[in-house]
Amino acid sequence: MDAKTVTDAHAAHRPLLSMQEQQEKLRDGEIWGFHCDACGYEQFSPMLRCPKCRKSDLSTRQFSTTGKVVSYTIQSVAAEQFMNETPFAFAIIDLDDGPRISGWVPWVARPDDLPLGATVEFTPSYKPGMMFEKKG
Ligand SMILES: [Zn+2]
């Protein structure tokens, strides 16, 4: 898994990793995103330029699939595709090695079900968004 670095101006106008490629990686259980070689800033969403230092020295990087829950809201009413996982938490997660991202955790009805700081792990799913499951 080599990280690709933008070396010519032409390539800089395209994302290093398309959203489709990123989705395919997710289906394989891998979280890939973007890393700024200039300042170290990382994010999951495609970027052509670093929002922090404005440089375009970007590379792709594989992040860890585990992280800690920073905050969340409980969704007890959900769209049809989430009916079997309701209630669930829509959570902000700090990846152990990677940026802060959002995802959802099935079967969370009360704050006791998912304490803040709990470790969760990304689990590939065909549902929209990124599903994480409680670990341990
Ligand atoms: Zn930067």
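Select Leu 114 and its contacts. Leaving aside residues up to four places away in sequence, Leu 114 touches Val 69, Tyr 72, Ala 89, Val 105, Val 108 and Lys 134. Two residues are in contact here if their C-beta atoms, placed from the backbone, lie within 7 Å. The model is predicted: local features need pLDDT of at least 70, side-chain atom pairs count only at pLDDT 80 or more, and totals for chains, interfaces and linings use all residues. Residues are numbered from 1 along each chain as its sequence is written.

Next, colour by confidence. pLDDT is the predictor's confidence in each residue, from 0 to 100. The mean pLDDT of the protein is 89, and 88% of its residues reach 70 or more.

Then switch to a cartoon. The protein has one helix and eight strands, in the sequence pattern α-β-β-β-β-β-β-β-β. Helices (H or I, at least four residues) and strands (E, at least two) are DSSP runs, numbered from the N terminus. Confidence is lowest in helix α1 (residues 19-27), at a mean of 92, and highest in β7, at 98.

Now select the open sheet. Five strands form it in the order β6-β5-β4-β7-β8, with antiparallel pairing. The edge strands are β6 and β8 (132-134), each of which pairs on one side only. From one strand to the next the twist averages 45°; axes are lines fitted to C-alpha atoms, for helices over the stretch in contact, and angles run from 0 to 180 degrees between N-to-C directions. Two strands count as paired if DSSP finds at least two bridges between them.

Zoom in on β5. Eight bridges join β4 to β5, which run antiparallel. Gln 75 has Phe 88 in β5 as its bridge partner, and Ser 71 stands opposite Ile 92 in β5. Seven bridges join β5 to β6, also antiparallel, and Ala 89 stands opposite Val 105 in β6. The hairpin of β5 and β6 has four residues between the strands, and in this hairpin Gly 98 takes a positive phi near 160°.

Select the largest nonpolar core. This core has 20 residues, and those with the most contacts inside it are Val 69, Ala 89, Ala 91, Ile 93, Val 105, Leu 114 and Phe 132. β1 (31-36), β4 (66-75), β5 (88-95), β6 (100-106) and β7 (119-122) each supply at least two of its residues. β5 gives the most to this core, with five residues. The core draws at least three residues from each of domain 1 (11-63) and domain 2 (66-134); the bounds come from an automatic or database domain assignment. Apart from it lies another core, of five residues, among them Leu 16, Phe 34, Cys 50 and Leu 58. A nonpolar core is a set of buried Ala, Val, Leu, Ile, Met, Phe, Trp, Tyr and Cys residues joined through C-beta atoms within 7 Å.

Finish at Ile 74, in strand β4. Is Ile 74 buried or partly exposed? Ile 74 is partly exposed, because 17 other C-beta atoms lie within 10 Å. A residue is buried at 20 or more such atoms, exposed at 12 or fewer, and partly exposed in between, with C-beta atoms placed from the backbone. Ile 74 touches Pro 87, Ala 89, Val 108 and Ala 109, not counting residues up to four places away in sequence. Ile 74 and Pro 106 are 32 residues apart in sequence and 9.8 Å apart in space, C-alpha to C-alpha.
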